[in-house]
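I opened a new notebook page for this structure.

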Amino acid sequence: MKKDYLATPELPAKRVCDSEIEQVQPVFKAHLNSQNRLFGGQLVAWIDIVAGAVARRHCNHNVTTAVIDSLQFKEPVFPDDVVVLYGRMTYVGKTSMEVRVDSYVEALDGNRKLVNTAYLVLVALDENGKPTPVPRLICETPAEKAEWEAGEKRRQLRAKRRTEMF
């Protein structure tokens, strides 16, 4: 049985697969830091672009990044590597959406090695640049449902951090 998670009833719900994105990015010399590895800021920019595309597909509105919640660098990326970024919706609130972006280095034989996992929160914007409601999310697989539940916990942790920081 499919379960719709949150949002307003007048917007049709969307499945996770309706908005997922895969982007391939070759690593050139201009993307490298002084250690001859991919500059972390470049990877963050690519991640933000993918997350924005996922969120736009989900809500059919312009979006803005509100939070880069988690960014874990697991492996270095070197010149001439190919980075594959895979983004998907994990959680939605009323106007916000959480997107997970996994980044891989893809070898010539097609094997992929995870180099980074990031969670971002993006907010849907109406034509006046104000937050606007987003469609609910249909989680179909056990992995999608587990990601939703983890997203609820991350949302609670973000709310707690906001109150503790101010």
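**Entry 1: burial.** I call a residue buried when its relative accessible area is under 20%. The model I am reading is predicted.

**Entry 2: cysteines.** How many disulfides does the count come to? I got zero. A disulfide is a covalent bond between the sulfur atoms of two cysteines. I then checked two cysteines one by one. For C139, the closest cysteine sulfur belongs to C17 and lies 11 Å away, too far for a bond. For C59, the nearest cysteine sulfur is that of C139, at 16 Å. C59 is in no disulfide. I also noted its burial: C59 has 5% relative accessibility, so it counts as buried.

**Entry 3: the core.** I looked up the largest nonpolar core next. It holds 32 residues. Which of them touch the most other members? My list reads V83, L85, M97, V99 and V101. Then I asked which elements supply the core. α1 (40–59), β5 (82–92), β6 (96–106), β7 (112–125) and β8 (137–139) each give at least two residues. α1 gives the most, with eight. In general, nonpolar side chains tend to be buried together in soluble globular proteins.

**Entry 4: strand β5.** Is β5 mostly covered or mostly open? It is mostly covered, with nine of its eleven residues buried. I traced its partners. β5 pairs with β3 (residues 21–26) in the antiparallel sense, over six bridges. There, G87 of β5 is the bridge partner of I21. β5 also pairs with β6, again antiparallel, over ten bridges. L85 stands opposite S103 of β6. A hairpin of three residues joins β5 to β6.

**Entry 5: rings.** I searched the whole structure for aromatic pairs and found one. Y91 and W148 form it. Their centres are 4.3 Å apart and their planes make an angle of 40°, which I logged as tilted. Y91 is in strand β5 and W148 is in helix α2 (residues 142–165), 57 residues apart, so I noted a link between distant parts of the chain. Both partners got a burial check. Y91 has 4% relative accessibility, so it counts as buried. W148 has a relative accessible area of 2% and is buried too.

The charged end of R154 sits over the ring of Y119, 3.7 Å from its centre.

Conventions:
Residues numbered from 1 in each chain as written. Predicted model: local features only at pLDDT ≥ 70, side-chain atom pairs only at ≥ 80, totals over all residues. Heavy atoms only, no water. Core = buried A, V, L, I, M, F, W, Y, C linked by side-chain atoms within 4.5 Å. Buried < 20%, exposed > 50% of the residue type's maximum accessible area, 1.4 Å probe, protein only. Helix = DSSP H or I, 4+ residues; strand = E, 2+ residues; numbered from the N terminus. Disulfide = S-S within 2.5 Å. Phe/Tyr/Trp six-rings, centres within 6.5 Å; stacked < 30°, edge-to-face > 60°. Lys NZ or Arg CZ within 6 Å of the ring centre and 35° of its normal. Pairing = 2+ DSSP bridges.
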